[in-house]
Amino acid sequence: MTATASFAVESPLGPRTATVSYEREGAGEPLLLLHGIGHHFQAWRPVTGILAADHDVIAVDLPGFGASPALPEGVPYDLATVAPALGALCAALGVERPHVAGNSLGGLLALEMARLGLVRSVTALSPAGFWSETERRYAFGALRAMRAGAHALPLPAVERLSRSAAGRAALTGTIYARPGRRSPASVVAETSALRGAAGFEPTLAAGGAVRFTRDVPGVPVTIAWGERDRLLPRRQGLRAKRAIPGARLVRLPGCGHVPMNDDPALVARVILDTARTPLPAAVTG
C-alpha cells in the first residue's frame, strides 16, 4: 500500500519540510530502495516480492519524482542535501541504518548515505557519478531526449505504442536490455512519471559537477553493472572499484541500465547477498 511521510530538510533558508510517497512490505532488517532519475518506486516491483521475504522493504519515490512533490523552494537537489534528507526520512519511518539498494541516481545517493554513516550495506546498480565528462554529457543528453519524447507524445500515442514489443522498445529501450518484458501498463506509467518529474532538471543541473571519488569504508558495498547498459557503460564500474577498493564488483549479464526488470532473480540475489555480508571486523569489534 502506498503511503506518505514528511520530514525536515536543511536548506540555505533554514529547515524546510519535504514529503515523499513510498511503498512498504515484508519484515526483517530494513531495506531502502532508491530509483533513478525520472523513474519511480514501481521500477523495483519486479524484485520487491523476493526481497520482502527477508526484509522490511521500503521503496521510495525520491523528492520531485513519481508521486512525491518537489522539494520546497530554495532546497537544492544536490548530494549534500538529498542524502541527509533520506536519513531524515528513515528516522521519520522509525528505521535506523537500513540496507540500501539504489539504481543510477539512487545508487549514487546510496553510496553518499553510506559515506555519511547512515546505512548498513549498499548495493549500487549502475550508479551515477563514475563517468568521464564525455560520458556524462552523453548520458544527460540521452535522458533529456527521453524526457522530450515523453512530453511530445500524447497519452493515447504512448498507450498505443506500449501494446507492442517494438513500441515498448522505442519508449524504454535506452534503459532496459529487454524492454519487451515490460507490461504495457508499466511503460505508460513510467513514461508519465518521466514527463511529470519536477525534480528532473534541477537534479541534472546539480549532477553536472558530480564525481564520486571517495572511499566508503566500514560497510559492505556491492557495485553491480549491467553488461548491456546503454546509458552508463559498464567500464564505469572499474572506476567505481578504484574509488571504493573494498567494494565487490559484479557483472549483470543480459541486463541494461535498469536491471531489476531484465533479470529480477539475479538482481535480488545480489542485493540479498550484500545485505547478508558481515560488517568488517573493525566495525563490529
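The structure holds zero disulfides, a disulfide being a pair of cysteine sulfur atoms within 2.5 Å. C90 counts as buried at 5% relative accessibility, and C255 counts as buried at 0%. Buried means under 20% relative accessible area, exposed over 50%, and partly exposed in between, with a 1.4 Å probe and protein chains only. This is a predicted model, in which local features need pLDDT of at least 70 and side-chain atom pairs count only at pLDDT 80 or more, while totals for chains, interfaces and linings use all residues. Residues are numbered from 1 along each chain as its sequence is written, and side-chain values use heavy atoms, with hydrogens and water left out.

Helix α3 covers residues 105-115, and ten of its eleven residues are buried, so the helix is largely enclosed by the rest of the structure. Helices (H or I, at least four residues) and strands (E, at least two) are DSSP runs, numbered from the N terminus. The buried residues of α3 are L105, G106, G107, L108, L109, A110, L111, E112, M113 and A114. What covers them includes the strands β3 (29-34), β5 (99-103), β6 (121-125) and β7 (221-226), together with the helices α2 (79-92) and α8 (200-207).

Some backbone angles in this part of the chain deserve a look. Most residues other than glycine have a negative phi. S104, in the loop between β5 and α3, has a positive phi near 60°. At 8% relative accessibility, S104 counts as buried. Just after α3, G117 takes a positive phi of about 80°. S126 lies in the loop between β6 and α4 (133-152); its phi is near 45°, again a positive value in a residue other than glycine. S126 counts as buried, at 1% relative accessibility.

Next come the helix pairs that involve α5. Helix α5 (residues 155-162) packs with helix α7 (residues 184-195) at an angle of about 145°, and their axes are 8 Å apart. Axes are lines fitted to C-alpha atoms, for helices over the stretch in contact, and angles run from 0 to 180 degrees between N-to-C directions. The crossing of α5 and α7 is right-handed; a crossing is right-handed if the near helix is turned clockwise from the far one by less than a right angle, and left-handed if anticlockwise. From α5, L155, V158, E159 and S162 meet P184, V187, V188, T191, S192 and R195 of α7, where contact means heavy atoms within 4.5 Å. The residues of this contact divide into five nonpolar, three polar and two charged. Ala, Val, Leu, Ile, Met, Phe, Trp, Tyr, Cys and Pro count as nonpolar, Asp, Glu, Lys and Arg as charged, and the others, Gly among them, as polar.

The axes of α5 and helix α6 (residues 165-172) come within 6 Å and cross at roughly 125°. That makes α5 oblique to α6, since angles under 35 degrees count as roughly parallel, over 145 as roughly antiparallel, 65 to 115 as roughly perpendicular and the rest as oblique. In this pair, V158, L161 and S162 of α5 meet G167, R168 and L171 of α6. By class, the contact of α5 with α6 has three nonpolar, two polar and one charged residues.

The last stop is A247, in the loop between α9 (236-243) and β8 (248-252). A247 is buried, with a relative accessible area of 3%. Leaving aside its neighbours within four places in sequence, A247 is in contact with V221, I223 and K241.
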